[in-house]
Structures are given as structure tokens and as C-alpha cells.
Amino acid sequence: MSSLPNHTTITIAGTVGIGKSTLTKALANKLNFKTSFENVDHNPYLEKFYSDFERWSFHLQIFFLAERFKEQKRIFEYGGGFVQDRSIYEDVDIFAKMHYDGGTMTAEDYSTYYNLYEAMVLSPYFPKPDVLLYLDASLEDVLNRLVERGRQMEIETDKSYWQALHNRYTEWIEHFTEVPVVRININDYDVDDEESLDQIIEKIAHVLSVRSKHTLSSN
Ligand SMILES: Nc1ncnc2c1ncn2[C@@H]1O[C@H](COP(=O)(O)OP(=O)(O)O)[C@@H](O)[C@H]1O
Ligand SMILES: Nc1ncnc2c1ncn2[C@H]1C[C@H](O)[C@@H](COP(=O)(O)O)O1
């Protein structure tokens, strides 16, 4: 049975519908860690956003940023021991940037949003996660899961949006260096299988041990 230091914070990254929440629950349960989820059901902007990106993208990004900040503060106050469903890096580097580049967020709104994000990450409440667990999948697998989950607003969104998001994720993870990364394909694990979860935890433990050796040798 694998384990990790009990103050470890794991953030799970990956495109919409890929399986972050499901794996967050399973890993936290296995490790006896706390969970940090996105607030989807009580998000006042999400449905409006999907029906009019231009009108609501700024509001939605600010909402997610505020939620993320509250969760970061909670993780900070507990001192770790968390599995987090989605990283703040994805909001900023992928979603907000995609809407800005695509013209559904104005340059002024993007700049205001980005300044706020920078001010937040400078605060002491923003310890970096120890590891980012990145979920890989083909677009087809992701679309199947979106349909299976059944959120109408997502199902009714044009496939080109999910394709663009998938492309951005694929590009982003190749250059992401903020925190150590473990990459797994969604076809290579089973959340209901203890051994499979153990293998993921072992990969995380390995990355953490490499990082701590590196930190020791550079001190
Ligand atoms: N390992 C898995 N195997 C099969 N189906 C899964 C798995 N993980 C998630 N799913 C299904 O895929 C859909 C999206 O999963 P979810 O965890 O909500 O994704 P995300 O949080 O990344 O948006 C849900 O219907 C969920 O039941
Ligand atoms: N930062 C974001 N911008 C736009 N949309 C976002 C952002 N973060 C999450 N979302 C959307 C995508 C999904 O419809 C829901 C929940 O995300 P999920 O990947 O299913 O956990 O919110």
C-alpha cells in the first residue's frame, strides 16, 4: 500500500469532463486526504456563460478566481493534505487566455483579471501544490464522457469549443514548469481498483522524492 507525506497537496488538471472530480474523490479517499472541488452547482454564471461567452466570460473568470482563492486559503490553513480538482493555472493560462485570444473577453477585462490573479498569487495564501497530476485523453474519449455526465449546457456547446480547449491543454502541458508534473492517460487507470490507485500514488511519490533530492542538493 502506497502513501504520501500527509501535508502533500495534489492538484488534478485536465480538460472538462476528463475525470478530475472522480479521481479527486478516489485518491483523497485512498490517502485519507481532504478534497477541494470546484463549485459548479452554485455557480451563478456558468449557464449564462455557455449561452453567451462574450457577455459573461469576465464575470465567470472572476467568480472562479474568487472561489479558487477561498479554497487556496482553506488548503493553506489546514497545512496541506488535499487533493484539488483543477489548478488555478488552468483558469489563467488556458480558459481566460482562450477567451481573450478568441475575442470573447476584451483586452481590458483580461488585463483586469490578470492583475487580480497576480496580486492573489503573491499573497501568502498561495503555496504551490506539490504536484500536478495531469490527465491525458483523446478528444473522442472526452466528448463521450461529457455526454455520459449529461450537463446540458456542455452537451449543447459546439464541438469546436471542446476541440480548441483540448488543443490548448495539449500545448500547455508540454511547457508547464511551475510545479512537478505526473501525466497519466485515462485509459490506464481504474478508480475502483485499489492497485491502480496505488500505482498513481507511487508515481507521485517518485516525483516528490526526485524533487526533494534536487532541493537538498541545490542547498
Ligand atoms: N475512470 C473513469 N472511468 C469511467 N468513467 C469515468 C471515469 N472518471 C470519470 N468518469 C465519468 O466521466 C464523466 C466526467 O467525469 P468528472 O470526474 O465529472 O470529470 P471532470 O471533473 O474532469 O469534469 C462522469 O460521467 C464520470 O462518471
Ligand atoms: N476558468 C474557467 N473558464 C471557463 N469555464 C470554466 C473554467 N473553469 C471551469 N469551467 C467550466 C467547465 C465546466 O463546464 C465546469 C466545471 O469544470 P469541470 O472540468 O467539469 O470540473 O466549469
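In what order do the elements of the chain run from the N terminus on? They go β-α-β-α-α-β-α-α-β-α-α-α-β-α.

## What you're looking at

This is a predicted model, where local features need pLDDT of at least 70, side-chain atom pairs count only at pLDDT 80 or more, and totals for chains, interfaces and linings use all residues. Residues are numbered from 1 along each chain as its sequence is written, while chains are lettered from A and ligands numbered from 1 in the order in which they are written.

## Overall build

For 219 residues, a compact globule would have a radius of gyration near 17 Å, and the chain agrees with that at 17 Å. The radius is taken over C-alpha atoms, and the globule rule is 2.2 Å times the number of residues to the power 0.38. Along its principal axes, the C-alpha trace spans about 50 × 40 × 30 Å.

Buried residues account for 27% of the 219. Here, buried takes 20 or more other C-beta atoms within 10 Å of a residue's own, exposed takes 12 or fewer, and partly exposed sits in between, with C-beta atoms placed from the backbone. Of the contacts between residues at least 6 apart in sequence, 81% join residues at least 24 apart; a contact puts two C-beta atoms, placed from the backbone, within 7 Å.

## The sheet

The 5 strands make an open sheet in the order S2-S3-S1-S4-S5, with parallel pairing. Strand S2 (34-36) and strand S5 (181-185) are at the edges with a single partner strand each, so one side of each has no neighbour in the sheet. From one strand to the next, the twist averages 20 degrees. Pairing needs at least two bridges found by DSSP.

S1 (residues 9-13) and S4 (residues 131-136) pair in the parallel sense over 4 bridges, and isoleucine 10 stands opposite valine 131 in S4. Helix H3 (residues 53-78) lies across S1, S2 and strand S3 (82-85), running at about 160 degrees to S2. Angles run from 0 to 180 degrees between N-to-C directions, using lines fitted to C-alpha atoms (for helices, over the stretch in contact).

## Annotated residues

UniProt's unreviewed entry lists Asp85 under "active site". UniProt positions follow the numbering used here, feature names are shortened, and annotations may be inferred rather than shown by experiment. Aspartate 85 is in strand S3 and is buried, with 21 other C-beta atoms within 10 Å. Its contacts, leaving aside neighbours within four places in sequence, include Ile12, Lys20 and Glu38.

The "binding site" annotation, also from an unreviewed entry, covers Glu38, Tyr50, Gln61, Arg86, Asp91 and Glu154. Tyrosine 50 is in helix H2 (residues 46-51), is partly exposed with 17 other C-beta atoms within 10 Å, and touches Met153 and Thr157, not counting residues up to four places away in sequence.

Aspartate 91 is in helix H4 (residues 88-101) and counts as buried, with 20 C-beta neighbours inside 10 Å. Beyond four places in sequence, aspartate 91 is in contact with Gln61, Phe64, Leu65, Arg68 and Ala96.

Which residues come nearest to ligand 2? Of the 14 around ligand 2, they are Val16, Val40, Phe64, Asp91 and Phe95. Helix H1 (20-31), H3 and H4 each give two or more residues to that shell, and H3 gives the most, with 3. Being near takes a C-beta atom, placed from the backbone, within 6 Å of the molecule.
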